[in-house]
Amino acid sequence: MKRLIRIFKWLVSVLLLYIGGFLLYGTLTDWTPDPVIPLRDLDDDGGQVNTSITDSSLTFLSWNIGYAGLGETAYFFYDKGDFFWTDLGGVRTAERDVEAALDGAEISVKVVEADFYLLQEVDSFSRRSHYVHQIDSLRQGHPEYQAFFAKNFKNNRVPIPIFQPWDHYGYVRSGLLNMSRYDAASSTRMALPGKLSWPTRLFQLDRCVLRQIFKTSWGEELAVYNVHLSAYDDGSKKAAEMAWLRDQLLADYEAGRKVVVGGDWNQVPPGFDYARFTPMLADQFFQLEVKFDFMPSGWKWVYDPSMPTNRKTRAPYDATDSPKTLIDFYLISPGLRIDEVQTLDQQFQFSDHQPVRLTVTFQ
């Protein structure tokens, strides 16, 4: 009996030392970026002259590419609730599937013409995507476009699943990537407010927006926001992010700028039934909804109501059994006319999100 007690105490001590060790390491290496960080074009040599917008009609493509690790064959162990343990080999998507998804994303960005590409969950160098520099891959289709990258996930070792240290999520470098036909007058990484509780915040994203200002040849300015709001919170952090975002957008508009916001909002637009596309699976998931009175009159929520933009990743994609919803869309200010919005139906082949293309015209 005493031997069993000693063994039990030894196991508990090892467990506490193990957990305490990665919490200490996470605390000491926690990334704390400045609230506002000016960004430079990835190819900027310091001597480039800005080119103004010359066309009153502009096209945008917003897409969360899911770090090329959440294509149709993949599932995300964390969405299954596998915080402590998951299927062996289930933490990372197979390298061949990541390569196929990234090839699909690269081709999509190349052939779907747009003046502005607003991309989320782009890995610059991460274990989960087999350390492929996805920024370089995505830029190949438009090497002449200006490109800016705002990091929102920087962690040397995400230690989940907890009891699979040989197969941790691991090293992550990821963020938001904007590519544009026109040169930005300014580009800024702006931190979103609110913090998750310790120790969760040590291993989660440091959420931000990528804000850019573009000048036009007729004297107006356009503010473009790429957003990826919080997931896996109780809604309070997302509410703080939304309140902050509203203040920023209104300040830009009051300064005389037109505004376009695109991205992954992790909530549905005002009045949208989150389970519209899979009502029979409504009890398996839930999405918050943007409130009707969130923005003043004249601001427009723009989306394609006929097509889902997101599928849930507790299992590989199944057209019938995968819950689907719409959380990727745009918000535009008064003074811009909506010409077209379309979600590109890829059957979630390359990501757990689908691209949304928008065309607007200055009025």
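In the predicted model, the largest nonpolar core contains 31 residues, and Tyr-225, Leu-249, Trp-265 and Trp-301 touch the most other members. Helix H4 gives the most, with 5 residues. Another core, of 25 residues, lies apart from the largest one; Phe-116, Leu-176, Leu-210 and Ile-332 are among its members.

The contacts of Tyr-225 were listed without residues up to four places away in sequence. Under this condition, Tyr-225 touches Leu-118, Val-209, Leu-210, Arg-211, Leu-245, Gln-248, Leu-249, Asp-252, Val-259, Val-260, Val-261 and Gly-262. Leu-249, one of the residues touched by Tyr-225, is also named among the core residues that touch the most other members.

Aromatic pairs were examined next. A search of the whole structure finds 24 of them. A pair of aromatic rings is described by the distance of the centres and the angle of the planes. Tyr-274 and Phe-285 form an edge-to-face pair, with 5.1 Å from centre to centre and 80° between the planes. Both Tyr-274 and Phe-285 are in the loop between E9 and strand E10 (300–302), 11 residues apart. Tyr-274 has a relative accessibility of 18% and therefore counts as buried, the cut-off being under 20%. Phe-285, at 9%, also counts as buried.

Tyr-317 and Phe-348 form a tilted pair, for which the centres are 5.2 Å apart and the planes are at 55°. This pair links distant parts of the chain, 31 residues apart. Tyr-317 is in the loop between strand E11 (310–311) and strand E12 (324–325), whereas Phe-348 is in the loop between strand E14 (336–343) and strand E15 (356–362). Tyr-317 counts as buried because its relative accessibility is 17%. Phe-348 counts as buried at a relative accessibility of 2%. Elsewhere, Phe-76, Phe-77, Tyr-78, Tyr-169 and Tyr-232 form one aromatic cluster.

Met-1, Leu-4, Ile-5, Ile-7, Trp-10, Leu-11 and Val-14 make a nonpolar surface patch of about 760 Å². One of these residues, Ile-7, is found in helix H1 (residues 2–28). The relative accessible area of Ile-7 is 38%, so Ile-7 is partly exposed.

Conventions:
Residues are numbered from 1 along each chain as its sequence is written. This is a predicted model: local features need pLDDT of at least 70, side-chain atom pairs count only at pLDDT 80 or more; totals for chains, interfaces and linings use all residues. Side-chain values use heavy atoms; hydrogens and water are left out. Patches are made of residues with over 30% relative accessible area and no salt bridge: like charges are joined within 9 Å, nonpolar side chains (Val, Leu, Ile, Met, Phe, Trp, Tyr) within 5 Å. Accessible areas come from the Shrake-Rupley method with a 1.4 Å probe; for residues, only the protein chains shown count as cover. A salt bridge is a side-chain nitrogen of Lys or Arg within 4 Å of a carboxyl oxygen of Asp or Glu. Helices (H or I, at least four residues) and strands (E, at least two) are DSSP runs, numbered from the N terminus. Buried means under 20% relative accessible area, exposed over 50%, partly exposed in between (1.4 Å probe, protein chains only). A nonpolar core is a set of buried Ala, Val, Leu, Ile, Met, Phe, Trp, Tyr and Cys residues joined through side-chain atoms within 4.5 Å. Contact means heavy atoms within 4.5 Å. Rings of Phe, Tyr and Trp (its six-membered ring) pair if their centres lie within 6.5 Å; planes under 30 degrees apart count as stacked, over 60 as edge-to-face and the rest as tilted.
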